[in-house]
Amino acid sequence: MEAVRSERSVEKLPPLQGVVIQRTRLQVWFIRVCSSILIWTCLVQLVAVGELWHPRLLTGFPGFTKMSVHREGLLPSSPPPLVPARNYTSNGFLKVSCNGGLNQMRSAICDMVTIARLLNLTLVVPELDKTSFWSDPSNFEDIFDVRHFINSLRDEVRIIKRLPKRFGMRYGYQPLVMPPVSWSNEQYYLQQILPLFDKHKVIHFNRTDTRLANNGISLELQRLRCRVNFQALKFTPEIEALGNKLIRIIQNKGPYLALHLRYEMDMLAFSGCTHGCTTEEAVELRRLRYAFPWWREKEIISEEKRSHGLCPLTPEETALILQALGFEKETQIYIASGEIYGSERRLAALRAAFPRIVKKEMLLDPEDLKQFQNHSSQMAALDFMVSVASNIFVPTYDGNMARVVEGHRRYLGFKKTFQLDRRRLVELLDLHQNGTLPWDEFSLSVRQAHERRMAQPIERRVIADKPKEEDYFYSNPQECLCEGSSCDPLTGPGNATALQ
């Protein structure tokens, strides 16, 4: 009866008052829905925080285990929490333009972060080289995950994407542009570079290769160089995804050897190495060397340079060396390089000795590589990933990629990397090819020459007043690999060449 009277009373209400009641009911339902959504959102966030700070804190609540939340799609995988930002008074802004290829620039970025930390500077995200032989238009954010780079180092250095407007050329500001002195120590930067910021506030380093010494740097800064290299410099998600896809394709075919065959046009022209080339090819390479003014050495005697071990091995020489080291014909070999000079004609001997040769262009769909075409540094990033992940890495020249990959593989547990002694190998190759040295003796000599050249733990070589001849920090960052100042005992992989 009460319900009936209530309905009748509502019917007798004036039209305007009835509309008000209906709106009130809608508002109540709206508030209830919004409250429910808010409560569920808070609860899910509470689970996330609980898992982050104490993974077992909330596992007793039915239906809210970590697995079930992810399964329902309520909690997407979230990035790790930001490290606390370092609080310091910036002495100025450091702007840098890296020069060279991908791995030369990678090492330079690590050095520039370290210098910014030493001098308490604010670092502007580095500019990458677009004027080199490769003419790659890629920016930093096209190759590296810029957000991760900035956030992962915020407890050490303040990094910004661009200079504040007041320091722009539009406002008439001219920064000091200069190259720091190569292989400089901490005192050089503290005593000669830091005072310049009192006057100029912004300094632009227009060359960044080898601007920090290999040795004599404090342990804290050496380990920061490693942190940038091994943790902060992540490739973009697109490069990471395709690189991992490429690695999976190769690994599904079995263990593999990554061969950095540096027999490319730019290296041959730069080094002046023409061994095995035709007369026409030698002329073409010489013409290219003269076309680039920053390739200072012009007149080069190729055979003399080769005899000193300063030339990359040819594909034909590489085939003989791999056979001498004991690699079998069925070995899967991934060629990590750009276009080989002479193309398939020069690869014929290597392919005859090792038919299971693969390249990224053979394994990936052209559509996968389309976005990376004409971007040599992005293509080099794929080769870098495959080389680091390989069972064995063999570079035919000790350029920047060879050295940086070697250091990365040391960091991952001293993965086997052959450091070819090209000076000794050239002697042995010439003796074998002129019939003086039989195959068995040649093979034995090649193996013996490399028993202790497989990236085992060893201290970096230091040569006083000759930093150019020292061991490169990024090929053997020993401060980041061992507890003390040395890696003892000197244990590591033996001289077996099985792909394990």
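Which residues does His-408 touch, not counting residues up to four places away in sequence? The points below lead to the answer and then go on to other parts of the chain.

1. Overall composition. The model under discussion is predicted. Its protein chain contains 21 helices and nine strands. Of the 500 residues of the chain, 46% count as buried. Among contacts in the protein chain with a separation of 6 or more, 76% are accounted for by residues 24 or more positions apart.

2. The question of His-408. This residue lies in helix H19. His-408 counts as buried because its relative accessibility is 11%, and the cut-off for that class is under 20%. Leaving aside residues up to four places away in sequence, His-408 touches Arg-106, Asn-229, Phe-230, Phe-384 and Val-388.

3. Helix H19 runs over residues 400-411 and has twelve residues. From its first C-alpha to its last, H19 reaches 17 Å, which is close to the 16 Å expected at 1.5 Å a residue. Beyond the helix comes Gly-413, with a positive phi near 115 degrees.

4. Burial of H19. Nine of the twelve residues of H19 are buried, and the helix is thus mostly covered. The buried residues are Met-401, Ala-402, Val-404, Val-405, Glu-406, Gly-407, His-408, Arg-409 and Arg-410. The elements that cover them include helix H4 (102-119), helix H9 (219-232) and helix H18 (376-389). Strand S6 (257-260) and strand S9 (392-395) are also among the covering elements.

5. Helix H18. This helix has 14 residues, which should span 20 Å at 1.5 Å a residue; the end C-alpha atoms of H18 are 20 Å apart, in agreement with that value. Twelve of the 14 residues are buried, so H18 is largely enclosed by the rest of the structure. The buried residues of H18 are Ser-377, Gln-378, Met-379, Ala-380, Ala-381, Leu-382, Asp-383, Phe-384, Met-385, Val-386, Ser-387 and Val-388.

6. How H18 and H19 meet. The axes of H18 and H19 come within 9 Å and cross at roughly 45 degrees. Because of that angle, H18 counts as oblique to H19. The crossing of the two helices is right-handed. On the H18 side, the contact is made by Asp-383, Phe-384, Ser-387, Val-388 and Ala-389. On the H19 side, Met-401, Val-404, Val-405, His-408 and Arg-409 take part. By class, the residues of this contact divide into six nonpolar, two polar and two charged. As background, an α-helix has 3.6 residues a turn, so residues three or four places apart point the same way.

7. Helix H4 and helix H7. What is the angle at which the axes of H4 and H7 cross? The axes of H4 and helix H7 (residues 186-193) cross at roughly 55 degrees and come within 10 Å. This angle is why H4 is described as oblique to H7. The crossing of H4 and H7 is right-handed. Here Ile-115, Leu-118 and Leu-119 in H4 meet Glu-186, Tyr-189, Leu-190 and Ile-193 in H7. The contact has six nonpolar residues, no polar residues and one charged residue.

8. Ala-116 in H4. Is Ala-116 buried or exposed? Ala-116, which has its place in helix H4, counts as buried because its relative accessibility is 1%. Residues up to four places away in sequence aside, Ala-116 touches Leu-94, Leu-121, Leu-123 and Val-157. Ala-116 and Val-157 are 41 residues apart along the chain, and their C-alpha atoms are separated by 6.9 Å.

9. Most residues other than glycine have a negative phi. Ser-343 has a positive phi, near 55 degrees, although the residue is not glycine. Its place is in helix H15 (residues 343-353). Ser-343 is partly exposed, because its relative accessible area is 32%. Ala-455, likewise a residue other than glycine, has a positive phi near 65 degrees. Ala-455 is found in the segment after helix H21 (439-449). With 0% relative accessibility, Ala-455 counts as buried.

Notes: Residues are numbered from 1 along each chain as its sequence is written. This is a predicted model: local features need pLDDT of at least 70, side-chain atom pairs count only at pLDDT 80 or more; totals for chains, interfaces and linings use all residues. Side-chain values use heavy atoms; hydrogens and water are left out. Helices (H or I, at least four residues) and strands (E, at least two) are DSSP runs, numbered from the N terminus. The expected span of a helix is 1.5 Å times one less than its number of residues. Buried means under 20% relative accessible area, exposed over 50%, partly exposed in between (1.4 Å probe, protein chains only). Contact means heavy atoms within 4.5 Å. Axes are lines fitted to C-alpha atoms, for helices over the stretch in contact, and angles run from 0 to 180 degrees between N-to-C directions. Angles under 35 degrees count as roughly parallel, over 145 as roughly antiparallel, 65 to 115 as roughly perpendicular and the rest as oblique. A crossing is left-handed if the near helix is turned anticlockwise from the far one by less than a right angle, and right-handed if clockwise. Ala, Val, Leu, Ile, Met, Phe, Trp, Tyr, Cys and Pro count as nonpolar, Asp, Glu, Lys and Arg as charged, and the others, Gly among them, as polar.
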